[in-house]
Amino acid sequence: MITKADWQAVHDEIMAEERRKLGEPPTFEEALAYTRGELSEEEAERVRALLVSYPELARIISEPFPEETEEDRELVSDAELAERWAALEKRIDGDHGQAGRFPRLWFGLAAALAIVFSGVVWQSGSQSHRPHVVALTSESAEDFQTLEIGGGTTRGGAGSEATTLEAKDGKYHLGVQIVGSLERQEFRLEIVDASDQQLWSSAVLRRPPTDMFALVVPCTFLKSGHYEVVLHGVEGANRERLAVYPVRVP
Amino acid sequence: MTNRDRYKALYEKYFRKVVAMYVRAFRLSEEDAKDLAQDAFLRFFEALEDYRGDAEWAFLETIARNVAYNNIRSRGAARRGGGAHHVAIEDIPPTREPAAASAPDYADRETARFLKKRVREAIAELTPGQQQCVNLWADEFEYKQIASILGITVDAVKSRLRDAKKHLRKRLGEDVAGLSWPDDLPEEEQ
């Protein structure tokens with residue numbers, strides 16, 4: 001007889017194979033757009049399949065908030081709460097000093113999410129506070145700083161490989177050259193920080209006539225440090241990382 | 001009340017709640033949950049400068065989900081590795097302990113392998129929608145969550161599970177008795 005354990009073993013094998021086949025899990029923005037019905041049918045199908053294959057992420061999107069119980073107080077004692085508050089204050093005062101330096105993306109994201117999770121209508125962050133891709137013309141091309149492709153898997157750590165960004169009018173104007181097969185027509189851009197935490201992801205982008213994406217990033221979006229702009233090729237349900245462009249914000 | 005006082009009051013009011021969410025709903029370890037909750041509150045503090053509303057909890061909850069999502073996603077990315085080339089995907093460990101597949105002798109091992117093969121073949125014959133419902137059910141999601149993830153109604157979830165159960169029973173016979181199906185599936189269509 002097939003036992004429950006056998007069933008679970010088969011299920012785990014199937015899930016592992018699906019993840020290998022489908023690739024990286026959806027970004028939080030993609031998952032959010034999916035829950036709000038903002039994706040094309042094809043994109044929605046891709047994200048849906050990915051969420052099923054990465055149940056730990058699906059759980060974060062779908063799990064309702066548990067009611068408070070008495071046991072919750074036992075999770076964190078009063079003494080620990082006070083200690084953690086002191087530690088948090090140190091981080092706030094030490095790392096962030098000035099309020100408002102954190103990218104406004106978080107406010108925009110949280111506000112947008114609140115619409116999904118609580119029905120509260122918020123005023124989300126405006127487009128000008130977030131990275132966005134613009135049309136590159138022959139006139140504007142000169143204003144854009146072409147990024148260099150990084151070598152191997154090092155995360156800008158070598159420093160010398162990372163492009164140092166130059167601000168203009170409070171923004172970084174970045175030229176991301178498309179690489180790979182000329183037949184590929186759809187792409188995504190992503191910005192990740194030094195710990196591979198995704199900060200921003202674009203929608204699916206069509207190949208422009210110039211074969212270069214013009215990415216505008218508000219200076220307030222990135223603190224000093226190392227980041228990566230990542231170019232992904234998109235083909236139906238599949239996504240392939242094509243190039244990584246390490247950058248440094250002085 | 002200064003902004004810092006306001007923030008401290010919110011921290012004392014909601015920190016345990018965020019930790020509890022991470023532990024009970026997202027199944028993180030207590031230590032990971034507490035560290036991640038700190039990160040969430042840090043983001044909350046920085047975003048609070050721009051917030052002028054009264055529903056701080058809803059605001060914080062969305063930030064907490066975002067922080068947890070990115071953290072778990074990043075852990076998976078670290079396991080998978082990365083670079084400028086096609087990403088080599090590695091398995092994310094299952095959420096449960098794997099079934100003990102070893103058997104005392106060759107005959108038992110072969111029987112177990114044969115049964116698993118039958119189950120896999122039967123599952124492969126389900127429609128994609130049925131497979132997705134079954135997979136999420138196997139990962140211990142409830143009807144409402146499955147409906148939310150797949151963008152369908154709860155009734156549609158139950159129908160798909162019912163049809164999947166019917167097919168698997170037909171293909172696997174009495175062997176399907178070991179599977180845990182929900183008790184409240186609609187009656188099978190004749």
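Because the model is predicted, local features are kept at pLDDT of at least 70 and side-chain atom pairs only at pLDDT 80 or more, while totals for chains, interfaces and linings use all residues. Residues are numbered from 1 along each chain as its sequence is written, chains are lettered from A and ligands numbered from 1 in the order in which they are written, and side-chain values use heavy atoms, with hydrogens and water left out.

Two helix pairs come up here, with helices (H or I, at least four residues) and strands (E, at least two) taken as DSSP runs numbered from the N terminus. In chain A, helix H2 (residues 28-35) packs on helix H3 (residues 41-53) at about 115°, the axes being 10 Å apart. Axes are lines fitted to C-alpha atoms, for helices over the stretch in contact, and angles run from 0 to 180 degrees between N-to-C directions. H2(A) and H3(A) are therefore roughly perpendicular (65 to 115 degrees; under 35 is roughly parallel, over 145 roughly antiparallel, and the rest oblique). The crossing is left-handed, meaning that the near helix is turned anticlockwise from the far one by less than a right angle; clockwise would be right-handed. On the H2(A) side the contact (heavy atoms within 4.5 Å) is made by A:Glu30, A:Ala31 and A:Tyr34, and H3(A) brings in residues including A:Arg46, A:Val47 and A:Leu51. Sorted by class, this contact has 5 nonpolar, no polar and 4 charged residues (Ala, Val, Leu, Ile, Met, Phe, Trp, Tyr, Cys and Pro are nonpolar, Asp, Glu, Lys and Arg charged, and the others, Gly among them, polar).

Over in chain B, helix H1 (residues 3-25) and helix H2 (residues 30-48) pack at about 145° with axes 9 Å apart, and their crossing is right-handed. Among the residues that meet here are B:Tyr7, B:Leu10, B:Tyr14 and B:Phe15 from H1(B), and B:Ala37, B:Phe41, B:Phe44 and B:Phe45 from H2(B). The class tally is 18 nonpolar, 1 polar and 4 charged residues.

Back in chain A, A:Tyr227 sits in strand E10 (residues 225-235). At 7% relative accessibility A:Tyr227 counts as buried (under 20% relative accessible area; over 50% is exposed and in between is partly exposed, with a 1.4 Å probe and protein chains only). Setting aside neighbours within four places in sequence, A:Tyr227 touches residues including A:Val192, A:Leu199, A:Tyr245 and A:Val249. For A:Leu199, the C-alpha to C-alpha separation from A:Tyr227 is 9.6 Å, across 28 residues of sequence. The A:Tyr227 side chain also reaches the backbone oxygen of A:Lys223 at 2.8 Å.

Helix H6 (residues 143-150) of chain B is mostly covered, with 6 of its 8 residues buried, among them B:Tyr143, B:Ile146 and B:Leu150. The cover includes H2, H3 and helix H4 (55-62) of chain A, plus helix H5 (128-138) and helix H7 (154-172) of chain B.

A:Asp196 has phi near 65° and lies in the loop between strand E6 (186-193) and strand E7 (198-201) of chain A; its relative accessible area of 18% makes A:Asp196 buried. B:Glu140, with phi of about 70°, is in the loop between H5 and H6 of chain B and, at 42% relative accessibility, counts as partly exposed.

Technical notes: A polar contact is a pair of N or O atoms within 3.5 Å; within protein, one must be able to donate a hydrogen and the other to accept it, and residues adjacent in sequence count only if both atoms are side-chain atoms.
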